[in-house]
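Keep the model in view as you read.

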Amino acid sequence: MAAAASLSPEELLPKGGSGRAEELEDELEEEEDDEELDETLAERLWGLTEMFPECVRSAAGATFDLSLSVAQKMYRFSRAALWIGTTSFMILVLPVVFETEKLQMEQQQQLQQRQVRREHPSPLPWPCASSQAPPVEGAWGAVCDRVFIPLGALVGCSQWDDSANSQ
């Protein structure tokens, strides 16, 4: 024991010099790093659970299971509600929307026709008073009961012939 105490630190080092000692220390550190890398994050977290009592761990597990179950049920319910709402809207509301759009288009067409008639008055009266009235001749034909009759078609018409004779 006295002999070991009288030795200097350099004498205690291995015979490869101080560089060899540093290499040995690096190898030891690498081995320690390798041991630490063998443990995954999940294993570390599982190891942390051991510091809590069993009742706390079971309560946390039950809470997680309940939360997951509620989330799944809410997802299923929202899917079903969305499907029911969408199909009901398509069946009940869209036909009404299409009909109102159709009526608006028809009203707009009638307004455009009235505006065109006001801007460009026809030489023919519109409409005839009754279906019994003789056709009224214009530059291109005659109109009776809102039907335009070309002038050439009235040549053999008895009503036309009678009205032409009376004038």
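Start with Arg44 and Glu39. Their side chains meet in a salt bridge, with 3.7 Å from N to O. This pair counts as a salt bridge because a Lys or Arg side-chain nitrogen must lie within 4 Å of a carboxyl oxygen of Asp or Glu. Keep in mind that the model is predicted.

How open are the two partners? Arg44 has a relative accessibility of 42%, so Arg44 is partly exposed. Glu39 has a relative accessible area of 41%, so Glu39 is partly exposed too.

How many salt bridges does a search of the whole structure find? The search finds 2. Besides the Arg44 pair, there is one between Arg57 and Glu54. Here the closest N and O atoms are 3.2 Å apart.

Where do Arg57 and Glu54 lie? Both are in helix α5, which covers residues 54–92. They sit 3 residues apart, or about one turn of the helix. Now look at their accessibility. Arg57 comes to 32%, so Arg57 is partly exposed. Glu54 reaches 52%. Exposed means over 50%, so Glu54 counts as exposed.

Which residues gather in a patch of negative charge on the surface? They are Glu22, Glu25, Asp26, Glu27 and Glu29. Take Glu25 as one of them. Glu25 is found in helix α3, residues 18–37. Is Glu25 buried, exposed or partly exposed? Its relative accessible area is 48%, so Glu25 is partly exposed.

How values were computed:
Residues are numbered from 1 along each chain as its sequence is written. This is a predicted model: local features need pLDDT of at least 70, side-chain atom pairs count only at pLDDT 80 or more; totals for chains, interfaces and linings use all residues. Side-chain values use heavy atoms; hydrogens and water are left out. Patches are made of residues with over 30% relative accessible area and no salt bridge: like charges are joined within 9 Å, nonpolar side chains (Val, Leu, Ile, Met, Phe, Trp, Tyr) within 5 Å. Accessible areas come from the Shrake-Rupley method with a 1.4 Å probe; for residues, only the protein chains shown count as cover. Lys and Arg count as positive and Asp and Glu as negative; His and the chain ends are not counted. The place of a charge is taken as NZ of Lys, CZ of Arg, CG of Asp or CD of Glu. Helices (H or I, at least four residues) and strands (E, at least two) are DSSP runs, numbered from the N terminus. Buried means under 20% relative accessible area, exposed over 50%, partly exposed in between (1.4 Å probe, protein chains only).
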